[in-house]
Amino acid sequence: MNNNDYPHADLTRRIIGCAFRVYNALGPALPEVVYKNALQIAFRKDGINHEREAPVRVFFEGEFAGRFYADFMCEKVVVLEVKAGKSLVEEHELQVKGYQILSKKPVALLLNFGPQKVEIHRRVETRFEQSA
């Protein structure tokens, strides 16, 4: 599967482009919140509809069990989790996987504004594409 075969490839390309713009302008070693603030500005300027700290409600056996907040929900189809650390680890992957599955979104991006570069991990769940 090449990059153009992924669901919402154009949108994820735009999101990743915003991440590179932010990183190229600000560089490494800043707090995560600064990158999130800058991404929000870049999304607005790029015309990407987004919600920051998007609430996702979790139900168990038909009853409300709690909620979590995804860093961003872009165009109502991409869950975006932002990190600013040395590198991504399995815990981050599991976190974004859980967010994606519970929010039933077809695409999730995990971005890390690391010390050397922007790390990007993309998850695709085609079973959620119809509900997007």
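Reader: What covers the buried residues of α1?

Author: In this predicted model, the cover over the buried residues of α1 includes α2, β2, β3, β4 and β5.

Reader: And which residues of α1 are buried?

Author: The buried residues of α1 are A9, L11, T12, I15, I16, C18, A19, V22 and Y23.

Reader: What span should α1 have, and how far apart are its end C-alpha atoms?

Author: Helix α1 covers residues 9–26, which is 18 residues, and at 1.5 Å a residue it should span 26 Å.

Reader: Which residues other than glycine have a positive phi?

Author: H8 and A29 are among them. Phi of H8 is near 60°, and H8 sits in the segment before α1. For A29, phi is near 75°, and A29 belongs to the loop between α1 and α2.

Reader: How exposed are H8 and A29?

Author: H8 has a relative accessible area of 25%, so H8 counts as partly exposed. A29 has 74%, and A29 is therefore exposed.

Reader: Changing topic: what is the strand order in the sheet?

Author: The sheet is open and has 5 strands in the order β1-β2-β3-β4-β5, with mixed pairing. Its edge strands are β1 (50–60) and β5 (118–124), each of which pairs on one side only. On average, neighbouring strands are turned by 30° against each other, direction ignored.

Reader: In which sense do β3 and β4 pair, parallel or antiparallel?

Author: Strand β3 (residues 78–83) and strand β4 (residues 107–113) pair in the parallel sense, over 6 bridges. Within this pair, E81 stands opposite L110 in β4.

Reader: What holds paired strands together, in general?

Author: Strands of a sheet pair through backbone hydrogen bonds.

Reader: Which helices lie across the strands?

Author: Helix α2 (residues 32–46) lies across β1, β2 (63–74), β3 and β4, and runs at about 110° to β1. Helix α3 (residues 90–103) lies across β1, β2, β3, β4 and β5, and runs at about 155° to β3.

Reader: K83 next: is K83 buried or exposed, and why?

Author: K83, which lies in strand β3, counts as buried because its relative accessibility is 13%, under the 20% cut-off.

Reader: What is K83 in contact with, leaving aside its neighbours within four places in sequence?

Author: With those neighbours set aside, K83 is in contact with E32, L88, H92, Q95, L110, L111, N112 and F113.

Reader: How far is K83 from I101?

Author: The two residues are 18 residues apart in sequence, and their C-alpha atoms are 19 Å apart in space.

Reader: Which residues of the largest nonpolar core touch the most other members?

Author: They are I15, L39, F43, V78, L80 and F113, out of 24 residues in that core. The elements giving two or more residues to this core are α1, α2, β2, β3 and β4, and α1 gives the most, with 7 residues.

Reader: What does L39 touch, leaving aside its neighbours within four places in sequence?

Author: Apart from those neighbours, L39 is in contact with C18, A19, V22, F72, L80, V82, L111 and F113.

Reader: Which residues does the second core include?

Author: The second, separate core has 12 residues, including F68, V79, L88 and L110.

Terms used. Residues numbered from 1 in each chain as written. Predicted model: local features only at pLDDT ≥ 70, side-chain atom pairs only at ≥ 80, totals over all residues. Heavy atoms only, no water. Pairing = 2+ DSSP bridges. Helix = DSSP H or I, 4+ residues; strand = E, 2+ residues; numbered from the N terminus. Axes fitted to C-alpha atoms, helices over the stretch in contact; angles between N-to-C directions. Contact = heavy atoms within 4.5 Å. Expected span 1.5 Å × (residues − 1). Buried < 20%, exposed > 50% of the residue type's maximum accessible area, 1.4 Å probe, protein only. Core = buried A, V, L, I, M, F, W, Y, C linked by side-chain atoms within 4.5 Å.
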